[in-house]
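Look at the model below before reading on.

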Amino acid sequence: MYECEYCKTKFLTEMNFDRHMCDQEVRMKELDTKRGMSAFKYYRAWFEARRLRIPNKDTFVVSKMYNTFFKFAVFAKDMGIPDTTLYIKFMVKNTVMPAHWYNPDIYNYFMDSFDKDYDPMTHVRITFTSIERISKALDCKMGDVFSHLHPSDVIKLIQSRNLSPWVLLLSKKFAAFLKNDVNAEERKLIEDVIKLNRWEIILENQRSQIPEIKKYVAQLDL
Ligand SMILES: [Zn+2]
């Protein structure tokens, strides 16, 4: 007697067993891929955000949500969502079901809220994590990342808020980058993705926080 370790179906002959390939087995193997690991991580984070018992892989591979979380894993990577835990918590708080997490309108709703409602230290934490990752990848000091990045990459990083205006607008190195390393068209694009008008108001409204953020920015020689 042969038994599939994934779906527990029993087979009398080895030939039938060898020919057998079930969804669970395909999915279990998918979970070992990078995308699969992300999908499973986000599935668990969804339970954690709702304070429910964290499911295991066996639960995930038979879940109706399996494909949804794979789609979300692709979306999160494509959009460069910098802190998926924060994103998932926001969705749970606003009772948005996972099948909508990769809807562009929902994504924009989160991005708007991220600018307006999240405290400066969350922005700083995310930005410093990004800068650390970039400086390692480019093998340069954290304070020198702007002189090593192409303007088009900087635009993407700002758009996705891997780099937050909370840090950028208080950074001398970023000001120098805008002055010396980009052309007029790129500068306009950067101001657009920052949403400069909105951010002038955000900084003005929270100006008491500025000295502390400046201190952190100076620590990185940014
Ligand atoms: Zn099977």
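## Two helices side by side

In this predicted model, helix α10 (residues 151-159) and helix α13 (residues 184-194) have axes that come within 9 Å and cross at roughly 10°. Angles under 35 degrees count as roughly parallel, so α10 is roughly parallel to α13.

On the α10 side, the residues that meet the other helix are Pro 151, Val 154, Ile 155, Ile 158 and Gln 159. Their partners in α13 are Glu 186, Leu 189, Ile 190, Val 193 and Ile 194. Sorted by class, the contact of α10 with α13 has eight nonpolar residues, one polar and one charged.

## Two helices that cross

Two packed helices are described by the angle between their axes and the distance between the axes. For helix α3 (residues 34-49) and helix α5 (residues 66-79), the axes come within 8 Å and the crossing angle is roughly 110°. An angle of 65 to 115 degrees counts as roughly perpendicular, and α3 and α5 are therefore roughly perpendicular to each other. Their crossing is right-handed.

From α3, the contact is made by Arg 35, Ser 38, Ala 39, Tyr 42 and Tyr 43. From α5, Phe 69, Phe 70, Phe 72, Ala 73 and Val 74 take part. The residues of this contact of α3 with α5 divide into eight nonpolar, one polar and one charged.

## Domains

The protein is divided into domain 1 (1-30), domain 2 (35-116) and domain 3 (122-219). Taken over C-alpha atoms, the centres of domain 2 and domain 3 are separated by 26 Å. Eight residues from domain 2 and nine residues from domain 3 form the contact between them.

Which helix gives the most to the side of domain 2 that touches domain 3? Helix α7 (residues 104-117) does, with three residues. By class, that side of domain 2 has five nonpolar residues, one polar and two charged.

## A residue in a loop: Val 96

Val 96 is found in the loop between α6 (84-93) and α7. Leaving aside residues up to four places away in sequence, Val 96 touches Met 91, Trp 101 and Ile 106.

Is Val 96 buried, exposed or partly exposed? A residue is buried if 20 or more other C-beta atoms lie within 10 Å of its own, and exposed if 12 or fewer do. Val 96 has 16 other C-beta atoms within 10 Å, so Val 96 is partly exposed. Leu 12 is 84 residues from Val 96 along the chain, and the C-alpha atoms of the two are separated by 47 Å.

## Two residues with positive phi

Most residues other than glycine have a negative phi. Arg 51 has a positive value, near 55°, and is not a glycine. This residue is found in the loop between α3 and α4 (57-61). Arg 51 counts as exposed because it has 7 C-beta neighbours inside 10 Å.

Lys 195 also has a positive phi, of about 65°, although it is not a glycine. Where does Lys 195 lie? The position of Lys 195 is in the loop between α13 and α14 (196-205). With 17 C-beta neighbours inside 10 Å, Lys 195 counts as partly exposed.

Conventions:
Residues numbered from 1 in each chain as written. Predicted model: local features only at pLDDT ≥ 70, side-chain atom pairs only at ≥ 80, totals over all residues. Domains from an automatic or database assignment. Contact = placed C-beta atoms within 7 Å. Helix = DSSP H or I, 4+ residues; strand = E, 2+ residues; numbered from the N terminus. Nonpolar A, V, L, I, M, F, W, Y, C, P; charged D, E, K, R; others polar. Axes fitted to C-alpha atoms, helices over the stretch in contact; angles between N-to-C directions. Parallel < 35°, antiparallel > 145°, perpendicular 65-115°, else oblique. Left-handed = near helix turned anticlockwise from the far one by under 90°.
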